[in-house]
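Look at the sequence and the structure first, then read on.

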Amino acid sequence: MGRLAGKTAFITGAAGGLGRSHVRRLAEEGADIVAVDICRSIDTVPYPLSTPAELQSTVEEVEVLGRRIIAREADVRDRQALQAAFDEGVKEFGGIDVVVANAGIAPMLIEDRPQAWQDVIDVNLTGTFNTVEVAIPSMIERDHGGSVIIISSTAGLTGIGGSSNGGLGYSASKHGVVGLMRSYANNLAEHSIRVNSVHPTGVSTRMVTDPAILEFVAQDAGAQRMPPNALPVEAVEPVDVSNAVLWLASDEARYVTGIMLPVDAGFTNRR
């Protein structure tokens with residue numbers, strides 16, 4: 001029996017990077033999955049986003065583990081499409097126990113564009129809001145409690161990200177989801193729905209390791225001034241973040257709500 005046996009998780013940004021890691025880790029512990037991903041590019045994002053083929057590969061990973069999965073292409077900015085995917089999961093599995101609002105972008109561009117601000121706010125902040133909002137009515141009506149986990153960043157705890165439109169938007173969006181988390185934690189506590197945020201340092205995914213992002217960091221003086229992690233690692237692995245998500249999703253954290261959980265190798269403490 002896994003730590004999430006009998007539970008179903010709704011995960012956004014699920015086809016690649018951190019999202020795919022969350023899918024895999026929660027399925028390993030017995031969860032069925034409703035996976036959502038945009039599966040196409042966004043003009044202001046300089047690194048590749050996930051593809052339909054990667055979403056299908058995610059499905060196959062879950063099925064190999066003996067768990068069930070529904071996977072749909074949907075943009076978290078499109079609340080109607082997101083609601084349709086969520087409702088399909090409820091119909092298939094009987095209810096959603098865990099929500100992981102993971103979808104996010106980092107539009108760090110060498111040639112700065114004002115649209116980068118709007119895109120990152122729309123995806124990271126409004127997309128998180130949409131993800132939680134489509135889930136709340138069903139979770140309350142079902143009256144089984146639940147866990148909502150919002151993926152933020154060390155940029156949601158400190159003033160990092162640089163001075164570009166995309167960098168400022170990234171930091172603002174990651175701070176903004178903390179405000180959502182705190183409000184939802186209070187608003188949903190009476191229904192035994194816990195809400196927390198997770199704050200990774202750099203993670204070994206395309207968002208961090210793509211040459212376009214490395215080029216942006218190399219030319220940004222503010223980014224260069226960022227201190228390294230306290231522990232002797234340049235970046236954590238996706239599974240390190242997923243393990244924190246798993247704990248918050250499980251009954252082991254049944255009385256944990258309203259917290260900001262760093263998985264940051266000491267980065268925040270060193271600021």
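Val195 touches Val148, Ile150, Met181, Tyr184, Ala185, Leu188, Thr257, Gly258 and Ile259, leaving out residues up to four places away in sequence. Touching, or contact, means heavy atoms within 4.5 Å. The model is a predicted one, in which local features need pLDDT of at least 70 and side-chain atom pairs count only at pLDDT 80 or more, while totals for chains, interfaces and linings use all residues. Residues are numbered from 1 along each chain as its sequence is written, and side-chain values use heavy atoms, with hydrogens and water left out.

Val195 is also, with Phe10 and Ile105, among the residues with the most contacts inside the largest nonpolar core, which has 45 residues. Such a core is a set of buried Ala, Val, Leu, Ile, Met, Phe, Trp, Tyr and Cys residues joined through side-chain atoms within 4.5 Å. Buried means under 20% relative accessible area, exposed means over 50%, and partly exposed lies in between (1.4 Å probe, protein chains only). At least two residues of this core come from each of β2 (32-37), α3 (79-93), β4 (98-101), α4 (114-142), β5 (146-151), α5 (165-188) and β6 (193-200). There is a second, separate core of 35 residues, including Leu18, Ala71, Leu246 and Ala253. In soluble globular proteins, nonpolar side chains tend to be buried together.

Ile150, one of the residues that Val195 touches, sits in strand β5. Its contacts, apart from neighbours within four places in sequence, are Ala101, Thr128, Val177, Met181, Val195, Asn196, Ser197 and Val198. Ile150 and Val245 are 95 residues apart in sequence, and their C-alpha atoms are 9.0 Å apart in space.

Asp32 belongs to strand β2. Neighbours within four places aside, Asp32 is in contact with Lys7, Thr8, Ala9, Arg67, Arg68 and Phe93.

Two loop residues come next. Cys39, in the loop between β2 and α2 (52-64), has a phi near 55 degrees, a positive value in a residue other than glycine. Ser192, in the loop between α5 and β6, has a phi near 60 degrees, again positive in a residue other than glycine.

| Residue | Relative accessible area | Class |
|---|---|---|
| Ile150 | 0% | buried |
| Asp32 | 4% | buried |
| Cys39 | 7% | buried |
| Ser192 | 52% | exposed |

How many helices and strands does the protein have? The protein has 9 helices and 7 strands; helices (H or I, at least four residues) and strands (E, at least two) are DSSP runs numbered from the N terminus. The radius of gyration is 17 Å, close to the 18 Å that the globule rule gives for 271 residues, so the protein is as compact as a globular protein of that length. That radius is taken over C-alpha atoms, and the rule is 2.2 Å times the number of residues to the power 0.38. The C-alpha trace spans about 50 × 35 × 30 Å along its principal axes.

Of the 271 residues, 54% count as buried. Among contacts with a separation of 6 or more, 78% are between residues 24 or more positions apart.
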